[in-house]
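Trainee: I would like a close look at a single part of this model, followed by an account of how the rest is arranged around it. Please take it slowly and say what each term stands for.

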Amino acid sequence: MRELVITSLRGALTSVSDLLARALPRLLAGAIIVLAGWVIARIVEAILRRLLVLARFNRLFERKGLSRALSSAALPSAAEMIARIIFWLLWVSFILVGVNALGIVALQQEVSDFVSLLPQFIVALLIIFFGFLIANFLSRAALLAAVNANSPSPRLVGSFVRFMVLLLFVSMGLERIRLGRGVVLVAFAVSFGAIMLGLAIAFGLGGRHVARRILERRFAADNGERREEKDDEGSHL
Amino acid sequence: MSVIGALANHAAGPSDSSADPLWYKDAIIYETHVRAFHDSNGDGIGDFRGLLQKLDYVQDLGVTAIWLLPFYPSPLKDDGYDISDYTAINPAYGTLEDFKEFLAEAHRRNLRLITELVINHTSDQHPWFQEARSSRDSPRRDWYVWSDTDRRYRGVGIIFKDSELSNWAWDPISKSYYWHRFFSHQPDLNYDNPAVLEEVWKVMQFWSDLGVDGFRVDAVPYLVEREGTSCENLAETHEVVKSLRRRLNEKYPQSFLLAEANQSPADVRPYFGSGDEFHMAFHFPLMPRMFMAVKLEDRKPIVDILQQTPDIPESCQWGIFLRNHDELTLSMVSDEERDYMYDVYALDAGARLYLGIRRRLAPLMENDRRRLELMNGMLMSLPGSPIVYYGDEIGMGDNIYLGDRNGVRTPMQWSGGRNAGFSTVDPERLFLPVLSNAVYGYQAVNVDAQRRSENSLLAWMKRLIRVRRSSRVFSRGRLFFLQPRNHRVFAYIRELEKERVLVVNNLSRSAQVVELDLRPFEGNIPIEMFGENPFPRIGQLPYLLTLAPYSFYWFRLRRL
Amino acid sequence: MTEDSLLSDEFIRQLTAVSEVDIVVGLPTLNDSDTVQRVVTAILVGLAKYCPRERSVLINPDGGSKDGSAEAVQAASMPDFRAVLVPNPLRTMHVVSTRYPGVQGESEALTMLFAAADLLGAKACVLISPDLESVTPEWIDALVRPVLKNGFDFVAPVYQRRRFDGMLVKNLLHPLIQTLYGHQVEEPVGREMAFSGKLAAYFLGDESRRENFPGLGAHVWMTTAAMAAGYRLCQSFLGPRVTASRRSGLDLNTTIQEVAGTLFRCMEIHQSYWISRDGCEEVPTFGFQPVLDLDAARIDRKRMFQMFGRGVNELGSVLEKIVSPETLRAITEISKQEEKHFLFPDDLWVKTVFEFAASYHHSVINRDHLLQALTPLYRGRVCSFILENARAGNEDVDRKLESLRQQYQQQKPYLIERWNRQA
């Protein structure tokens with residue numbers, strides 16, 4: 001009995017130590033890969049950043065008007081963005097290689113699943129990322145428009161627009177990676193309405209002079225008298 | 001009809017055109033002064049014999065009539081417009097016999113003669129005035145306009161503001177005032193007295209019987225005076241004219257009357273009556289506007305004035321001119337226009353006289369041949385009978401330092417020889433000195449030199465006159481303005497029956513392009529009249545022409 | 001748009017007919033048929049009366065009016081000169097109408113004018129608004145003469161103002177331009193102005209013209225570009241400016257977008273000029289200005305104050321990106337004051353403007369949003385200005401404005417520091 005226990009204990013110990021003996025190098029290798037990956041990714045990032053700066057990459061973007069869009073969305077410069085994206089891509093792929101090196105079958109399955117899902121995942125992330133940008137932009141536009149139109153609770157309008165736009169994009173992102181399919185349809189219907197509302201508010205308030213100009217041009221011909229509402233602000237010019 | 005054909009017709013024409021009572025409508029008139037043209041007897045003053053010797057030159061120029069400034073006995077205080085005997089020749093210019101001979105020779109060359117009829121006033125040396133002033137009871141007393149006070153006809157304008165203070169002058173002999181619209185030595189005749197009119201008619205008969213073909217009547221608007229009026233253009237004045245015209249028509253149907261009335265076209269129009277007053281009247285306001293247009297590089301002044309010009313009876317004609325023996329008058333333009341003219345044409349105050357500019361054509365055009373040609377081209381193609389002032393056909397200059405208007409009345413420059421070939425006398429004895437400066441002096445500008453060159457202004461003028469005479473469309477045709485968008489281009493159509501001529505003038509000192517709307521003449525071929533060469537056929541599209549600086553085209557439009 | 005297609009073939013044909021001129025008068029129209037005839041008459045009478053000897057052309061770029069503005073311009077081109085005691089003009093007066101392709105703003109119309117002036121060799125160009133009710137022939141003289149007779153290149157207008165009119169000009173544009181560009185031009189957004197042919201050619205060739213500044217922005221650009229390029233400036237008194245059109249009813253937001261936005265953009269374009277520049281030049285002023293106290297403009301102060309308060313309260317998250325924390329704190333503080341004792345002090349206002357300009361330069365947020373965030377603050381400033389000057393005479397107001405200008409001048413180093421600071 002005692003022996004049996006000892007034997008089995010020993011056996012277990014041996015198998016654990018065996019396991020350890022077998023797994024440890026892999027674990028080590030995995031860790032080394034991940035660590036080395038981090039270092040390599042950092043180096044590549046730094047070199048890339050330097051190169052892009054030297055190549056005046058930002059200037060190129062400035063001319064296309066993109067850097068203004070980036071900064072207005074509170075994002076770093078184009079060179080910085082690219083450098084960071086490359087870093088993360090590199091490092092994530094090193095992590096995956098490292099996990100694979102562990103040689104755990106279940107994990108390997110998960111990793112291969114993950115790798116097959118990876119493109120979708122990245123796309124989903126991008127969608128959500130742009131959703132954030134757009135939501136930020138539109139909510140700020142709505143907020144400013146509401147303030148300048150002297151309408152009540154502008155912040156509420158802004159938050160509402162942000163929420164609705166985010167909802168749409170998040171659900172679109174989730175749809176990408178086949179999560180919560182049921183929710184998506186409903187969420188889409190809701191968010192579509194929200195976007196329309198947001199746009200209507202943004203355009204209706206912020207762009208009312210544009211709208212008026214368009215209407216005016218449209219109807220000027222048949223509308224002889226053109227009454228102008230003058231706000232009681234005098235002439236500023 | 002080709003130009004050659006037309007010329008042949010005209011060469012044969014004068015005898016038949018002499019039968020045409022409307023001959024003055026086709027006339028090209030050469031204005032000159034006996035005194036200044038040629039001196040045959042070496043006394044320093046031109047005379048009829050001298051004029052006779054130069055008739056070939058006048059004929060060769062191509063003009064059809066001569067208009068002589070006053071050649072009557074006169075104290076010459078106003079260049080002969082102060083006449084002291086209406087029916088004689090100033091002895092300095094020759095005798096009546098000389099005159100008759102000259103006239104016969106002129107007629108033989110198919111040149112008509114127009115003389116001056118200065119009937120608004122006489123010289124104060126005239127026997128009529130001497131008799132009238134001798135006593136208040138003189139039988140000729142009321143041949144003139146007398147008054148005990150200088151307050152009658154107040155508010156009437158003074159013409160020679162530079163030299164006269166009032167229209168009344170004091171006569172110390174009869175101790176009263178006499179009326180004079182011009183100089184005080186030119187008392188006005190009194191047309192309220194029928195005897196005066198009779199006497200004038202006698203004078204007209206005298207010259208008409210000698211063969212004179214027409215009269216230029218001086219200072220027409222001022223004949224009759226009435227209290228409370230401007231004493232100009234009165235109905236009574238028109239009656240005087242009508243009566244003279246009626247008598248002239250009855251006795252001398254070929255003769256004609258030319259009015260000097262320096263008025264706006266609308267005010268001159270009544271002098272044509274319904275074809276029963278003057279045959280012709282000068283178009284005074286057109287002339288300054290032609291000068292203005294060339295300087296402004298804008299056709300507007302000419303178009304404006306011609307559009308303001310009323311239609312005249314079929315038998316009547318305008319007399320048009322660039323320059324004459326008087327100053328370039330600016331009395332018929334607005335103050336702004338006058339200031340502009342002074343600034344661009346008479347910066348030198350010495351060139352200004354009365355309300356005008358005392359200069360000849362060539363100096364006004366800065367001796368620019370192209371501008372001289374353009375101005376003459378317009379003169380010969382606008383409606384009216386053109387009048388060429390002697391010397392302008394060779395580009396003579398002037399001498400503004402000679403006082404009054406004598407600067408434009410200097411001797412004709414015939415050659416580069418002694419006294420410009422005008423006279424053999426010592427230069428000091430000439431009635432006026434000949435021009436001798438480097439640009440316009442007789443060494444540089446004279447008939448002899450220009451005769452030798454095909455390219456001279458004189459040769460060019462002869463060609464111009466010949467082309468003008470090739471068609472009656474210029475003298476009798478109707479006028480239509482084309483209104484191209486380029487205002488520097490002055491374009492018009494002259495049209496007589498089926499004949500049409502397109503005239504395009506570039507008023508600018510730079511090359512111009514113009515698009516003419518010639519659709520009414522679609523299908524016609526424009527034929528340039530000086531070279532007889534065809535241009536592209538007129539189509540639906542705007543007709544595009546490019547014009548060199550100050551150049552002009554005359555196109556006969558032909559359907560072929 | 002390429003350089004050679006600036007002018008349409010038909011427009012070129014019309015210009016060839018006009019050919020060399022001395023004066024080009026530009027009259028851009030867009031649905032102005034009810035007022036434009038009077039304006040055309042005033043221009044033509046002015047030209048006939050004051051420039052009888054100059055060759056002139058009136059060019060009317062029309063932005064595609066549906067109410068027949070261009071036809072109205074053509075119809076008005078033969079005024080009865082005698083009726084206004086002016087002799088008939090010596091010269092042909094050309095009135096050329098043409099369509100400009102753009103729909104937004106006057107930039108294209110101005111470009112056409114520059115090109116036409118260049119092509120025709122004009123000595124002077126005049127710009128007149130088609131919706132004016134107070135224009136007189138004298139305006140032409142006042143604008144053209146300094147260019148033709150005195151050799152100036154740019155003539156800015158001086159209008160007779162009601163008190164509290166033109167607050168944006170007085171509180172922002174005028175002092176800011178004076179501080180940066182060193183020229184004391186009272187109306188940097190003058191809608192009537194004149195410039196020399198030389199300057200028109202410069203505008204035409206200037207790279208920054210292609211940015212197509214919106215609406216009145218183009219006028220700010222012209223004024224500042226002329227200053228930055230060292231052209232000779234002057235101003236000419238015109239009298240009161242009364243218009244009949246929607247322009248004056250243009251809402252404040254758009255005005256700030258067009259005018260302040262363009263000025264901030266011009267600061268970027270001309271930064272090499274103003275950063276190193278110091279001092280201020282007097283700009284000669286022509287014309288007789290009558291002493292006349294017009295009624296003060298009617299402004300709803302309460303509403304402006306309320307909108308200021310709410311704006312500051314609601315826009316904290318936006319403003320903190322634009323202005324410095326101290327400024328934001330100070331603004332928040334004054335927004336809590338009672339309306340009666342409200343004061344938006346000069347130094348704070350100037351600091352705010354400078355921080356906005358710098359933030360615009362660095363594009364900290366979308367530039368349109370940035371300018372929209374300026375609107376409530378400007379409202380507060382106007383409200384404070386009116387409160388401060390409610391009982392002040394004209395001279396007192398002038399003194400106040402002078403001290404505001406000095407404030408701008410004093411803080412210029414701060415602007416340069418913020419401007420040059422890396423984002």
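This is a predicted model: local features need pLDDT of at least 70, side-chain atom pairs count only at pLDDT 80 or more; totals for chains, interfaces and linings use all residues.

Mentor: Two residues are said to be in contact if their C-beta atoms, placed from the backbone, lie within 7 Å. Residues are numbered from 1 along each chain as its sequence is written, and chains are lettered from A and ligands numbered from 1 in the order in which they are written.

A:Leu102 sits in the loop that joins α4 (78-101) to α5 (105-148) of chain A, where helices are DSSP runs of H or I with at least four residues, numbered from the N terminus. Once its neighbours within four places in sequence are set aside, A:Leu102 is in contact with A:Arg26, A:Leu27, A:Gly30 and A:Leu107. A:Leu102 counts as partly exposed because it has 17 C-beta neighbours inside 10 Å; a residue is buried with 20 or more such atoms, exposed with 12 or fewer, and partly exposed in between. From A:Thr14, A:Leu102 is 88 residues away in sequence and 20 Å away in space, C-alpha to C-alpha.

Moving out from chain A, there are two pairs of chains in contact, and of these chains A and C share the most contacts. By contrast, no contact joins chain A and chain B, and their closest C-alpha atoms are 30 Å apart. Chain B does touch chain C, with 10 residues of chain C in contact with 15 residues of chain B. For the complex, the predictor gives an ipTM of 0.82 and a pTM of 0.80, and chain C averages a pLDDT of 89, with 96% of its residues scoring at least 70.

Chain C is divided into domain 1 (3-286) and domain 2 (301-420), the bounds coming from an automatic or database domain assignment. The centres of these two domains of chain C, taken over C-alpha atoms, are 31 Å apart, and 21 residues of domain 1 are in contact with 23 residues of domain 2. On the side of domain 1 of chain C that touches domain 2, α6 (167-181) and α9 (252-269) each supply at least two residues. In chain B, the assignment gives domain 1 (127-179) and domain 2 (477-558), whose centres, again over C-alpha atoms, are separated by 55 Å.

Two helices of chain C deserve a careful look. Helix α15 (residues 367-389) of chain C has 23 residues and reaches 32 Å from its first C-alpha to its last, with a bend of about 25 degrees at C:Pro376, the bend being the angle between axes fitted to the seven residues ending there and the seven starting there. Because 17 of its 23 residues are buried, α15(C) is largely enclosed by the rest of the structure. Helix α16 (residues 394-420) of chain C has 27 residues and reaches 38 Å between its first and last C-alpha atoms; α16(C) bends by about 45 degrees at C:Gln411, with a proline, C:Pro413, following within four residues. The buried residues of α16(C) are C:Leu404, C:Arg405, C:Tyr408, C:Leu415 and C:Arg418, and the buried residues of this helix pack against α6 and α14 (346-362) of chain C.

Terms used
The expected span of a helix is 1.5 Å times one less than its number of residues. pLDDT is the predictor's confidence in each residue, from 0 to 100.
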